[in-house]
Amino acid sequence: MTQHSPHPSNASSSNKGGTALIVKEASSTNQSSPSTSTEGKASSLQKSSQSGPPFRSLRTLLSKDSGLWTKVTLLAIASMLPILAIGTATYQFGLQEISNRTNPSQTLENPERKAIAQQEQKLLITLLSGTGALALLTGAIVAYLAHRSMKSAMDASLPSATQTVQDSMSNRLQVVTAAFQTIHTKLSEDEIYTSIVEDVRNVLNLDRVVVYGLDGDFNEIVMAESVAPGWPNAIGTFIPDPCFQARYIEKYGNGRVKSIYDIHSQGLSPCYIEQLDTLEVKALVVAPIVCNQQLKGLLIGHQCNSPRDWQTFEVQWFKQIAAQVGFTITNLKLSNEHDSLQQQANTQIQWMQLFTETVQNIWILDDPDEIFNTTVRSVRNILDADRVIVYGLNKQSQEVVIAESIVPDWPSSIGAHIPDPCFKARYLDKYRKGRVKAIENIYEANLSPCYIEQLAVLKVKALLVAPIVSRDQLVGLLIAHQCYGARVWQEFEVQWFTQIATQVGLALDKAQNLASRSGEQHPISDWA
C-alpha cells in the first residue's frame, strides 16, 4: 500500500529573464579610477584605501618641505667652511714662510737646504689634506645630526601617519566582526542572504550587492539583493548560462575571486557586457559561497555610477564575507539536521510510550468487542482524528462497522454495511499481506466515484487504513477518518497506526486461544 507524504510548499517562481551576472574571464588587469567615500566605519575604511598607504602622505609632506633639507645641506657646508679656511690659511702662511727662509740661489748651491724645503712643503700639503678630511667629516656629522633632528621633528609633528594605519586596521576588524556576528544570529538562509547584501553594500559603498543561488542545473537565480535608489532591481532574475558549468563552476568552487575595474575594457564577451549594461553595471567583484565543498552561490558587488579601482583589502574582505556566509549556512544546516534528528528521536520516544500504553490496554482484554472498542477510543485520542472505526469482514467479504469512536456532531457509521464488489478481487489479498493506505484528500486520490460517494455521506475528507490480520486471515480494517478537512498523515503516525493494527490482530489470536481452551464461542467466529 502506498503512503502519501506531506507536500512541500512550492518556492516562489523566479522571473525568467535575460540578465546574466556570472563573472567570466577577463583578459586585462584592473586599472585605477576615482574612489568614493562611505559612511561611519566604512567611511574611514574606504578613505584610507583611496588615499593609499599613510606613508605615502609622509613622503609627500617631506617633498613639500624640500627647502628644509636645503637648509640642512647649507648648514653642513657652513660647518665645513671655518675648518677649510683655517687649513688654507695655514698652508699659505707656511708656504710663504718657507719661501722667505729659502733663497733660490742658496738652494741651488746647497742641495741639503733644498731637500729640507721640499720636505716642509710636503708637510704643508699633508696638513692641508688632513684639514680637508676633517672638514668633510665635520660636515657629515652635522648633516647626520641635523637629519636625525629633522626626522624626530617630523615624527613628532606627524603622529597621525602610524595612527591612520592603526585606525584603518581597527575599523576593518570592527566591520568584519560586526558582519560575522550579524549573519551568525540569523535563523534561515534567506535571513542570512538578506542581511549580508545590505551590510556589504553599506560597508563598501556599492550600488548593488546580490547573492546568486545555483539551482540543480547550475542556473543563476538572484536570491537576495540590496540596491541603492535609482538603480534597476535584479531580484528573482533567472539567468541561464550554458558556459558557466563548463568554464567557471570548478574555478569558483575552488575559491576563485574576480574583480573587474571596467566591464568595457577587460575583454568580456559582447553578450555578457550587454547583459550587465541592462543593470547599468560598470564594475564588479565576485566571490564564491561554498557549502560542504559545493558551490552554492556567488556574492557579487556592482558599481554602477562609474568604474572602480578595487583595493586589495576590499577584495580580501569581500572574499572573507562570502566564505563566512558559506560556513554559516553549513553550520545552520548541520544545526537544523541535529535539531530535526533530536526532534525525531523525541517524537519516537513519545509515540513509543503511547504505543506501549495502548498495547497494554488491549492485551489485558479477552473479549474481541472490548479489544475493538478500546482500540478505536485510544487511537482517535492519540491521532486526534474525527472518527476511528473497525471494519469487520464476514465470509462474503462485506464491510461491517463493528466498532467506532467519533467526535460529536459527525455522522455515526456503526453497523453500516458498505458493499464494494471490487474489494475482494482487487484489495482483499493486498490487505491480507500488509497493505497500508494513507489518503490525504479523497477527491485527489483517484478513488472510484461510488466509493467517494459512500465516504462523502460520512463527511470523510482524508483517511488512513491498516489491516487487522489474525491467524494469517484478514479479519478487519482499522480506519481513521478526518472529516473537517484534508490531512497530511505523518510517517510516524502511519507507522504507529500500522503497528497498533498488528497488535490488535495478535490480541485477537490470544482471545481466540483462550476461547478455544474454555470452550466459549465469541462473535469473532462469525467473521474471522
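Visitor: What should I know about the model before I start?
Guide: It is predicted, so local features need pLDDT of at least 70 and side-chain atom pairs count only at pLDDT 80 or more, while totals for chains, interfaces and linings use all residues. Residues are numbered from 1 along each chain as its sequence is written, and side-chain values use heavy atoms, with hydrogens and water left out.

Visitor: How many helices and strands are in the chain?
Guide: Both are DSSP runs numbered from the N terminus: helices are H or I, at least four residues, and strands are E, at least two. The chain has 16 helices and 13 strands.

Visitor: What share of the residues is buried?
Guide: Buried means under 20% relative accessible area, exposed over 50%, and partly exposed in between, with a 1.4 Å probe and protein chains only. Of the 528 residues in the chain, 41% are buried. Among them are C291, with a relative accessible area of 6%, and C304, at 1%.

Visitor: How many disulfides are there?
Guide: A disulfide is a pair of cysteine sulfur atoms within 2.5 Å. The count by this rule is zero.

Visitor: Is Y144 buried or partly exposed?
Guide: Y144 lies in helix α5, residues 111–157. Its relative accessible area is 47%, so Y144 counts as partly exposed.

Visitor: Which contacts in the chain join residues at least 24 apart?
Guide: A contact means heavy atoms within 4.5 Å. Of the contacts between residues at least 6 apart in sequence, 67% join residues at least 24 apart.
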